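Reader: Please take me through the helix packing and the domain contacts of this protein, and set each value against its definition.

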Amino acid sequence: MHRRLIAPGALAASLVLLAIPASAADFSPGAPGAGDPYYPDAGNGGYDVSHYDLRLKYQPKTDLLEGTATLQATATQNLSRFNLDFGLKVSEVRVNGKKAAFARTGEQELEVTPKAGLTKGSSLSVVVKYAGKPSEVKIHGFTAWQRTPDGGVAAQEPESSAWWFPGNDHPRDKATYDVSVSVPDGTQAISNGVLQSQSSKLGWTRYNWRSNKPQATYLATLAVGRFDITTDKTENGLPVLNAYSKDLGDNAGAARASIERTTEVAEWLEEVFGKYPFNALGGYVPNVPASYALETQTRPFYGQRAFANGSNVSIVVHELAHQWYGDSVSVDGWKDIWVNEGFARYSQWLWSEKEGEGTAQELADYVYAQNAADSPFWQVKPGDPGPDNQFHIAVYDRGALALQALRNEIGDKSFFKILKGWPQERAYGNATVRDFVSYAEKVSGKPLSGLFDTWLYQVGKPGAPAARDAGVARAAGKAAPVKPKSWKKIAATNTVHDHEHAGEHGSGRDHH
């Protein structure tokens, strides 16, 4: 017997109307990316994380990482579902205490569908339970997790978090962190911030770390292994913790001779950039066969090969300068990388000036002179280098040239006022290159867009007139500038841009 009282399509429509409140039509999925054209799938839309609580257990022998991540966040739209960036296998997700459906999509997307829509402005607590071997997880063709003879390390740029915790993996969404890690007795776990406590039970030791200021996901770090640890306090009472793998071989002495000067370098940088912005200082050198370094917040990572030719305080200067320029003030989008790297490189020039090993002016003249007009160096635009050239040496050296040109244009008083004022004005936030240009114009009272356009955005070597106008290359037309004494040490830190898996894929997602 057929009762076709209404057409099937109309019936379906009426059932939908009965089942779902009218307001539900306003709920939609959060975007699968943060909208960064350099890395379209990095980060996510629809929510903002305020805190990560990570409770982890790691077995170095097997590389097995087990974790429960609790994210405190706020919905920034009416959400029907949202994404997290994550690569390990997930066993359960709860949103506001209730089990949520989840699915894996794309390279790194964990799609979470809560039982009910989340209204804009509402708080959400997201709990993710997971386990896996990070070194075996490939995203975009590589793993950012490096195994060591006695453990493992997460330290990569622009992304490393997806290998060890789920999150909103873009610098625009910064949060505070509690990282609690259980490891076999005799092994240590190093992370960001302050070690709150440690305790041992049944053959395992748990380390509890806290980073209490906003921190981008790629600046979160974890190192498990056997370390020699030194601790101290600055005159202002900040805890200093440095960690050195017990198996650094011939590089051990040079690593210590460099990193044990962290407090001294930070105190000098406070004179240049203002008060140190975080709750701890330090650095760590695991037994990773790498020559790069990374400004992981409060506790930079240093590859042991960075010290293969002896100590190099210049690399410590670079990574600590990032605590202000890159960590406290972070990029708004990855094309704004100059607001990180140009300033970190220029801080090395200022250290050279302080140490009497070549002024910033002499270094600028040398950089200008040694890069010929037809060099690829001048084809990269530091103000928007593109994802494949995001960590090109031009972003660093031509980026520092731009700052020397600015210094010559506005004078030392305004220049150093800007260097100190900018990280205060933008503390714990994000900024674009254009934001910095506007700030420099405001402080100096001078129009500067033309100067920055020449040094950051124009393809080709600025001609002698432009260089002379900017006070750069004063030796143009004369004998070639003498190589400053500091050049060798500064140039040795160029390898901080060369992360070792770069050859495995071509996205440029793998540099410092």
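**Helix packing and domain contacts**

Author: Helices H3 and H5 are roughly perpendicular to each other. The model is a predicted one, in which local features need pLDDT of at least 70 and side-chain atom pairs pLDDT 80 or more, whereas totals for chains, interfaces and linings use all residues. Residues are numbered from 1 along each chain as its sequence is written, and side-chain values use heavy atoms, without hydrogens and water.

Reader: What makes H3 and H5 roughly perpendicular?

Author: H3 (residues 262–273) and H5 (residues 338–354) pack at about 105°, with axes 12 Å apart. Angles under 35 degrees count as roughly parallel, over 145 as roughly antiparallel, 65 to 115 as roughly perpendicular and the rest as oblique; therefore H3 and H5 are roughly perpendicular. Axes are lines fitted to C-alpha atoms, for helices over the stretch in contact, and angles run from 0 to 180 degrees between N-to-C directions. Helices (H or I, at least four residues) and strands (E, at least two) are DSSP runs, numbered from the N terminus.

Reader: Why are H5 and H6 called oblique?

Author: The axes of H5 and H6 (residues 360–370) cross at roughly 125° and come within 8 Å, so the pair is oblique. In contact here (heavy atoms within 4.5 Å) are Tyr346, Trp349, Ser352 and Glu353 of H5 with Ala360, Gln361, Leu363, Ala364 and Val367 of H6. By class, this contact has 6 nonpolar, 2 polar and 1 charged residues. Ala, Val, Leu, Ile, Met, Phe, Trp, Tyr, Cys and Pro count as nonpolar, Asp, Glu, Lys and Arg as charged, and the others, Gly among them, as polar.

Reader: How do you know what area is buried between domain 1 and domain 2?

Author: Domain bounds come from an automatic or database domain assignment, which gives domain 1 (28–224), domain 2 (226–313) and domain 3 (330–496). Buried area is the accessible area (1.4 Å probe) that two parts lose on being put together, summed over both. For domain 1 and domain 2 the value is about 2200 Å², with 57% from carbon and sulfur atoms. In domain 1, Asp150, Gln188 and Ile190 lose the most area to domain 2, together 22% of what that side buries.

Reader: How many salt bridges lie between domain 1 and domain 2?

Author: The count is 0, where a salt bridge is a side-chain nitrogen of Lys or Arg within 4 Å of a carboxyl oxygen of Asp or Glu.
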